[in-house]
Amino acid sequence: MAQVTVKAAVDSLDAVNDFLSEEMEKAELSMKLQTSLSLVVEEVFVNIAHYAYAPGEGDATVEFAISDGELTLTFSDEGTAYNPLTHEDPDITAKAEDRAIGGLGLLLVKKIMDGAEYRREGGRNLFILNKKL
Amino acid sequence: MTIDKKTQGDQVVLALGGRLDTTTAPELQGPLMDALADNPSVTLDFEALDYVSSAGLRVLMMGQKYATANEKKMVIKNVSEEINEVFEMTGFTDILTIE
């Protein structure tokens, strides 16, 4: 298990990506999976950066773990309680002119990962994502 | 991300390279919307593009909405398998013109 704690800001995305790349390389994950996980981490982290502490600021932690053939990404922050899984998916069958701009990030996360769980524990948001390897 | 703009007659090609993500997507918005405003057809060449996140999808959606509303054409070509998968997961294959 490895983790990185950074300021919850879009500027920290590079640092989070560096951490992720290093862990994914160590785990010898395929390039295809690395690209997918990079997308997942960007989507979730950017949401935290934009909303968790707004208009204030705080830290966010990203944890990477592999055990029993399953990869787990855990995002935690001490921001406003928010369960991303209650967010309604956008209609992806609507015509271009009727589509909402945005709201697709979490949909991608749910499609790429095999499991997603939200918990509020000790004043922290925990968003736990799993993927079978 | 790199944006390389080429004009051939009334055909404009924006060749993108690198990552179209949260950090770089705002850099595409201006050039894409300007190109669509000034030309009947704009081609986005994804040959050298490695990655698109939802921030990139957002800009492509804005371009497509503008094109649809103003009878313009926005065409995307040379889409990699990974990026096409992102388009499929989000239903973008149905609204974008991909060649």
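Trainee: Is Asn78(B) buried, partly exposed or exposed?

Mentor: Buried means under 20% relative accessible area, exposed means over 50%, and partly exposed lies in between, with a 1.4 Å probe and protein chains only; the areas come from the Shrake-Rupley method, in which only the protein chains shown count as cover for residues. Asn78(B) is partly exposed because its relative accessible area is 36%. Please keep in mind that this is a predicted model, where local features need pLDDT of at least 70 and side-chain atom pairs count only at pLDDT 80 or more, while totals for chains, interfaces and linings use all residues. Residues are numbered from 1 along each chain as its sequence is written, chains are lettered from A and ligands numbered from 1 in the order in which they are written, and side-chain values use heavy atoms, with hydrogens and water left out.

Trainee: Where does Asn78(B) sit, and what is its phi?

Mentor: Helices (H or I, at least four residues) and strands (E, at least two) are DSSP runs numbered from the N terminus, and Asn78(B) belongs to the loop between strand 4 (73–77) and helix 3 (81–89) of chain B. Most residues other than glycine have a negative phi, and most peptide bonds are trans. Asn78(B), although not a glycine, has a positive phi of about 60°. Glu28(A) is another non-glycine residue with a positive phi, of about 55°; it lies in the loop between helix 1 and helix 2 of chain A, and it counts as exposed because its relative accessible area is 70%.

Trainee: Which residues does a cis peptide bond join, and what is omega there?

Mentor: The cis bond joins Ala54(A) and Pro55(A), with omega at about 0°. Pro55(A) is located in the loop between helix 2 and strand 2 of chain A.

Trainee: What is the distance between the closest N and O atoms of Asp89(A) and Lys110(A)?

Mentor: Their salt bridge has closest N and O atoms 3.0 Å apart. This pair also links distant parts of the chain, 21 residues apart, since Asp89(A) is in the loop between strand 3 (70–77) and helix 3 (105–112) of chain A and Lys110(A) is in helix 3. Both are partly exposed, Asp89(A) at 38% relative accessibility and Lys110(A) at 29%. In chain B, the side chains of Arg19(B) and Asp21(B) meet in a salt bridge of 3.3 Å, N to O; Arg19(B) is partly exposed at 29%, while Asp21(B) is buried at 6%. Salt bridges also link Glu117(A), Arg119(A) and Glu121(A) in a network.

Trainee: Which residues gather in a patch of negative charge on the surface?

Mentor: A charge patch joins like charges within 9 Å, using residues with over 30% relative accessible area and no salt bridge; nonpolar side chains (Val, Leu, Ile, Met, Phe, Trp, Tyr) are joined within 5 Å. Here the negative patch brings together Asp11(A), Asp14(A), Asp18(A) and Glu22(A). Asp11(A) is in the loop between strand 1 (2–7) and helix 1 (13–26) of chain A, and at 72% relative accessibility it counts as exposed.

Trainee: What span should helix 2 of chain B have?

Mentor: The expected span is 1.5 Å times one less than the number of residues. Helix 2 (residues 54–69) of chain B has 16 residues and should span 22 Å, which agrees with the 22 Å between its end C-alpha atoms. Its buried residues include Leu57(B), Leu60(B), Met61(B) and Gln64(B), and just after this helix Glu71(B) takes a positive phi of about 50°. An α-helix has 3.6 residues a turn, so residues three or four places apart point the same way.

Terms used
Areas by Shrake-Rupley, 256 points an atom, 1.4 Å probe, with all protein chains shown as cover. Salt bridge = Lys/Arg side-chain N within 4 Å of Asp/Glu carboxyl O. Lys, Arg positive; Asp, Glu negative; His and termini not counted. Charge placed at Lys NZ, Arg CZ, Asp CG, Glu CD.
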